[in-house]
Amino acid sequence: MNTADFANLTLFITGPTYLRPEVRQAGLLPEFGHRDKENEKRFCPIFADLKKIAGVGADYELIIFNGSGTNAMEASIRSLVADGETVLNASVGAFGDLYHKLAQVNGKKAVQLKFEPGQTMDLDKLESAMKAHKPAAVSLTHNETSTGVTNDIVGACALVKAHGALPLVDGVSIFGGAPARINESAPAMYVTSTQKALGLPAGFGLAFVSAEALAKAEKVQNRGFTSDILAQLGRAKKHQTLTTPNTTLANQMAVQLDYIVNVEGLEARFKRHAAMRDQVHDWAANQDGFKLFAPSGYRSPTVTSVKVPSGVTQDQLKKLKEVLRGKGYLFDPGYAKLNTALESEGKPLVFRIGHMGDLTPAMLAAYLTDLSAALKHL
Ligand SMILES: Cc1ncc(COP(=O)(O)O)c(C=O)c1O
């Protein structure tokens, strides 16, 4: 096979993300047996470093699921919502909708609280929905990737807990790029994955699970097998996965998490993400006719949605993608379903800039310069 034909693009999409050369290189490390002592050499530090990145101690158990973030989200629904109980799914976009869908297809009594795309969660409306539906669990999106909105996850979890429900948090597109705030928000389960701000390939769903959630799961029937947090925990306590893991990814993860925690450092990593977010905001402010989609105060540190001048079509954004491919980048022409809805309503479309993982401000600056030039093609 002629792999020389595989393009080496720098990814400015919202995941998968750019891999540092050292992470690519770690993919060449030896495969190993996942029930052998070699497993411990990789996964013991992986478990410890992930807990450091999450800022949690012994009060949260970490489970590493094979699959991706969605598998861990589905496990939270299967393990923590009993038949006959209501799960309320708060959605500010496509990934909030995904949590609702997971609840529905698993036969749960699901109610959705939906907000306008581009808006943040309104906690007064969340409180009214809590009173009206009395859910046992509530799914929340920490960072909505389709719109670039970061919700007030601490406020939302406090509200959900005040009404006696379990908060289930999707932190897929923010974990590793900003504080997860698990200690402050105390969710029952906080879920993320490897291929976003951690700067790794996809392949694992990661879940931080509270003691309260584990006690609840004991009372839930039909938790499935790979979606059962109690079955998963049996292996996680030994720093293992329940089923055979991708050992190539495990090698890369051991190397990359050590880099994040011990070389770059968490504070520096979070600062770099905040700086790249500000860099994109400053750039957008200088583009005539372009505006930020998310409201001030709720703009994501990992992904920015930019509203284009009215009249710009999805086809034009797709052409822009090809212009940028010619420059060595993968451009994100916006979340397709959202742009289709915006287009049908005659509203301006959005494109997205993923600025997460191991992209640097210098790489972003070069990209923004080329993007400005490409925008002149619109
Ligand atoms: C906020 C959010 N939640 C969930 C998912 C689904 O995660 P995965 O693709 O890891 O299953 C994504 C993926 O983009 C996401 O951005």
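Reader: How are residues numbered, and what pLDDT do local features need?
Author: Residues are counted from 1 along each chain as its sequence is written. In this predicted model, totals for chains, interfaces and linings use all residues, side-chain atom pairs count only at pLDDT 80 or more, and local features need pLDDT of at least 70.

Reader: Into which domains is the protein divided?
Author: Domain bounds come from an automatic or database domain assignment. The protein is divided into domain 2 (21-262) and domain 1 (3-15 + 266-375).

Reader: Which element gives the most to the side of domain 1 that touches domain 2?
Author: The centres of domain 1 and domain 2, taken over C-alpha atoms, are separated by 26 Å. Their contact (C-beta atoms, placed from the backbone, within 7 Å) takes 24 residues from domain 1 and 26 residues from domain 2. On the domain 1 side, the elements giving two or more residues are α11 (266-285), β12 (303-307) and α13 (336-344). The one that gives the most, with four residues, is α11.

Reader: What is the order of the strands in the open sheet of seven strands?
Author: Helices (H or I, at least four residues) and strands (E, at least two) are DSSP runs, numbered from the N terminus, and two strands pair if DSSP finds at least two bridges between them. The edge strands, each pairing on one side only, are β2 (60-66) and β4 (109-114). The pairing in this open sheet is mixed, and the order is β2-β10-β9-β8-β5-β3-β4.

Reader: Which residue in β8 is the bridge partner of Val138?
Author: Strand β5 (residues 137-141) and strand β8 (residues 166-170) run parallel and are joined by five bridges. In β8, the bridge partner of Val138 is Pro167.

Reader: At about what angle does α6 run to β8?
Author: Axes are lines fitted to C-alpha atoms, for helices over the stretch in contact, and angles run from 0 to 180 degrees between N-to-C directions. Helix α6 lies across β5 and β8, and its angle to β8 is about 155°.

Reader: Are α5 and α6 roughly parallel or roughly antiparallel?
Author: Angles under 35 degrees count as roughly parallel, over 145 as roughly antiparallel, 65 to 115 as roughly perpendicular and the rest as oblique. Helix α5 (residues 123-133) packs against helix α6 (residues 153-162) at an angle of about 20°, with the axes 10 Å apart. The two helices are therefore roughly parallel.

Reader: Which residues in α6 meet α5?
Author: From α5, the contact uses Leu123, Leu126, Glu127 and Met130. The residues that they meet in α6 are Gly155, Ala156, Leu159 and Val160.

Reader: Is the crossing of α3 and α4 left-handed or right-handed?
Author: A crossing is left-handed if the near helix is turned anticlockwise from the far one by less than a right angle, and right-handed if clockwise. The axes of helix α3 (residues 69-80) and helix α4 (residues 94-105) come within 9 Å and cross at roughly 50°. This angle makes α3 oblique to α4. The crossing is right-handed.

Reader: Is the peptide bond from Gly15 to Pro16 cis or trans?
Author: Pro16 lies in the loop between β1 (10-11) and α1 (21-26). Omega of the peptide bond from Gly15 to Pro16 is near 0°, and the bond is cis.

Notes. Contact = placed C-beta atoms within 7 Å.
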